[in-house]
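This report describes the fold and the aromatic contacts of the model shown below.

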2 protein chains.
Amino acid sequence: MKLPPSTALLVIDVQEGFNDPRWGERNNPHAEENITRLLAAWRAQNMPVMHAQHDSPGADGAFRPGTPGNRPKPGFMPLVGESVHRKTVNSMFIGTGLEEELRSRGVQTVVIVGLTTNHCVSTTARMAGNLGFKTHVVSDACAAFARPTLDGLMRSADEVHAAALSDLQDEFATVLDTAAALAALPARATA
Amino acid sequence: MKLPPSTALLVIDVQEGFNDPRWGERNNPHAEENITRLLAAWRAQNMPVMHAQHDSPGADGAFRPGTPGNRPKPGFMPLVGESVHRKTVNSMFIGTGLEEELRSRGVQTVVIVGLTTNHCVSTTARMAGNLGFKTHVVSDACAAFARPTLDGLMRSADEVHAAALSDLQDEFATVLDTAAALAALPARATA
């Protein structure tokens, strides 16, 4: 598999607010390191990078504008020329100009990474696939938090993450890992 | 909790194609019976009912137009005055006039039922919540099919269903059961 040079990397909500202990147990501590490798490779090949940043609308949200939780994590500040889509809901397509940007730049393929697998990543990937974009999600460049079932049983972060990817695979997106995504770049990345 | 009289019941993809053995093990055999009870109650109170019907775009889809799989299951034929949103993807909002219909009719609250919990129901509920509609999903009026993880382990239909509802709860939607939905209708249903 090769990704075309117009493939956009969508980097979702890699913000300080996800360090808040309110979220509980998280899986995949290497997600940020893998996103960093993907970002470096995209930038090295001048391929499009688009960032989503979450602005909590509520008074107790972890991502309220003007609070430390709203800031990108260290190393994830967008560069000049990279677009930032601010959003107040999960989907990077709702209330933003993302679909218009992708279409006007001729992007037909997207690679999605970030936080969290089952909420903002899954919702954005579902919409990207349903809107007709060829959609990829990088399994080890996403992470999830533990979450209860309706019966009050705890699902571990690994379970939540694996279930979200299982639901996406072959229905909305192709799920691959960082090594496979790097190997699929037009000029093979050496990062 | 009371639902306003303008609450729309969104009935998703209750079609013969889901009887195809290709889908594998299914949970919740009583989903159709519960949807029938909800439909009867909505109709008795002249509340809005909107149906999604899936048209498979591919040559081997289970819901190809003109094949038996495309037909509504017995008892799920839309009545005159109920809208039908035909779609070729999971979300009932993509490629249809659903959002416009809801807004033009002053609907701010939706109750979602149908097939399948983790795909078309979840995707439609995620978008409904993110678009600002007060969204409810009826747990025992949806069903799912077994599905493998990326590691090839089988997730049972019950697991897939429970995981999908856990991801929706308190983030995109309120999950409730048929009895609670009927009890929340403006005039309490006796069905």
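Chain A contains 5 helices and 8 strands, where helices (H or I, at least four residues) and strands (E, at least two) are DSSP runs numbered from the N terminus. Read from the N terminus, the elements of chain A follow the order β-α-β-β-α-β-α-β-β-β-α-β-α. This is a predicted model, in which local features need pLDDT of at least 70 and side-chain atom pairs count only at pLDDT 80 or more, while totals for chains, interfaces and linings use all residues. Residues are numbered from 1 along each chain as its sequence is written, chains are lettered from A and ligands numbered from 1 in the order in which they are written, and side-chain values use heavy atoms, with hydrogens and water left out.

The C-alpha trace of chain A spans about 45 × 35 × 30 Å along its principal axes. Of the 191 residues in chain A, 60% are buried, that is, under 20% relative accessible area, with exposed meaning over 50% and partly exposed in between (1.4 Å probe, protein chains only).

In chain B, 6 strands form an open sheet with parallel pairing, in the order S3-S2-S1-S4-S5-S8; strands pair if DSSP finds at least two bridges between them. Strand S3 (83-87) and strand S8 (174-176) of chain B are the edge strands, each pairing on one side only. Strand S5 (residues 134-143) of chain B is joined to S8(B) by 3 bridges, and His136(B) has Thr174(B) as its bridge partner in S8(B).

Over all chains, the structure holds 12 aromatic pairs. Rings of Phe, Tyr and Trp (its six-membered ring) pair if their centres lie within 6.5 Å; planes under 30 degrees apart count as stacked, over 60 as edge-to-face and the rest as tilted. Two of these pairs are set out here.

| Pair | Centre distance | Plane angle | Class |
|---|---|---|---|
| Trp23(A) and Phe63(A) | 6.1 Å | 35° | tilted |
| Phe18(B) and Phe145(B) | 5.8 Å | 20° | stacked |

Trp23(A) lies in the loop between strand S1 (8-12) and helix H1 (31-44) of chain A, and Phe63(A) in the loop between strand S2 (49-54) and strand S3 (83-87) of chain A, 40 residues apart. Trp23(A) is partly exposed at 28% relative accessibility, whereas Phe63(A) is buried at 4%. Phe18(A), Trp23(A), Phe63(A) and Phe145(A) form one aromatic cluster.

In chain B, Phe18(B) is buried at 9% relative accessibility, and Phe145(B) is buried with a relative accessible area of 9%.
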